[in-house]
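User: I would like a close look at one part of this model. Please take me through a loop residue, and then through the sheet and the helices that go with it.

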Amino acid sequence: MAHASERGGRFGPGVRVRCARSLLAPYGRLTLVDSDLVKTSKFLSFVLRHHPESIGLPLDSAGWADVDDLIRLANASGRRLDRELVFLVVETSDKQRFALDEARTRIRANQGHSIEVDLGLSPRTPPPVLFHGTALRFLESIRSSGLVPGTRTHVHLSQDRSTARAVGARHGKPVVLSIDAAAMHAFGSEFRLAHNGVWLVAQVSVRFITFPRP
Ligand code: HQG
């Protein structure tokens with residue numbers, strides 16, 4: 001579900017599969033299908049955001065893992081992985097979930113962690129209004145406790161309504177909340193912009209949330 005929007009991607013619906021095939025053709029992996037990319041992306045998210053220990057993968061304090069370690073340990077745990085597939089998933093991720101360092105020897109998740117990592121993001125002034133996509137069934141709880149990060153390290157906010165709606169739809173009937181980011185910032189909340197355009201905050205108090213009218 002978390003990766004449902006991988007159906008589209010920045011190359012547009014359907015294009016990524018053809019793209020993947022042509023990119024991988026020199027390696028003889030003509031049978032690669034879209035679901036390989038989605039499955040691998042989910043696996044990378046699981047390992048790099050949440051459970052590196054599941055395959056014994058060392059991450060540094062900034063969340064970076066050695067690509068060769070990742071491939072070796074993934075294969076040892078029964079997950080078929082090679083450099084081409086890793087790079088392809090990074091390059092075709094619609095939400096730019098992952099980053100490679102310049103030498104392409106290290107990889108990390110751009111955001112979405114539940115483990116504590118220092119992404120090295122400085123606090124920034126946010127746009128006056130940001131959006132949070134959630135599901136109708138969470139509204140009652142959000143009205144009483146505000147937005148909390150749950151299993152992640154941060155609450156995720158989007159710059160536009162349509163992105164927020166897609167995020168909310170992962171959980172059920174989507175609802176888009178408007179967040180008074182200017183006021184939060186004025187009251188001292190720190191905002192960080194992840195490399196993939198997601199805004200990260202520790203939490204959002206109810207008083208900064210505008211709920212849609214029923
Ligand atoms: C909700 C995806 C009850 C919150 C997306 C959300 C995003 C509350 C859910 C990224 C609550 C947590 C993160 C409260 C918040 N009571 N429910 N007080 N406060 N919630 O998945 O924001 O595809 O952890 O509204 O694109 O949905 O994984 O967070 O519905 O950037 O790459 O609790 O994940 O990216 O759900 O999504 P999540 P999220 P990926």
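Analyst: Start with Arg 170. This residue is found in the loop between helix H6 (161-169) and strand S6 (174-180). Keep in mind that the model is predicted. A buried residue needs 20 or more, and an exposed one has 12 or fewer. Arg 170 can also be placed relative to Thr 134. The two are 36 residues apart in sequence. In space, their C-alpha atoms are 8.3 Å apart.

Now turn to the sheet. Three strands make an open sheet, in the order S1-S3-S2, with antiparallel pairing. S1 and S2 stand at the edges, and each has a single partner strand, so one side of each is left without a neighbour in the sheet. What holds strands of a sheet together? They pair through backbone hydrogen bonds, either parallel or antiparallel.

Take the pairings one by one. Strand S1 covers residues 65-66 and runs antiparallel to S3, with two bridges joining them. Asp 66 has Arg 106 in S3 as its bridge partner. On to strand S2, residues 98-100. S2 pairs with S3 over three bridges, again in the antiparallel sense. Here Phe 98 stands opposite Ala 109 of S3. S2 and S3 also form a hairpin, with five residues between them. In that turn, Arg 104 has a positive phi of about 60°.

Look along S3 itself, residues 106-109. Which way do its residues point? Arg 106 and Arg 108 point one way, while Ile 107 and Ala 109 point the other way. All four are buried.

Next come the helices. Helix H2, residues 34-50, lies across S1, S2 and S3. H2 runs at about 85° to S3. Helix H4, residues 83-92, meets H2 as well: their axes come within 10 Å and cross at roughly 90°. Angles of 65 to 115 degrees count as roughly perpendicular, and H2 and H4 are therefore roughly perpendicular to each other.

Which residues meet there? From H2 come Leu 37, Thr 40, Ser 41 and Leu 44. From H4 come Leu 85, Leu 88, Val 89 and Thr 92. The residues of this contact between H2 and H4 divide into five nonpolar, three polar and no charged.

Key:
Residues numbered from 1 in each chain as written. Predicted model: local features only at pLDDT ≥ 70, side-chain atom pairs only at ≥ 80, totals over all residues. Buried ≥ 20, exposed ≤ 12 C-beta atoms within 10 Å, placed from the backbone. Pairing = 2+ DSSP bridges. Contact = placed C-beta atoms within 7 Å. Axes fitted to C-alpha atoms, helices over the stretch in contact; angles between N-to-C directions. Parallel < 35°, antiparallel > 145°, perpendicular 65-115°, else oblique. Nonpolar A, V, L, I, M, F, W, Y, C, P; charged D, E, K, R; others polar.
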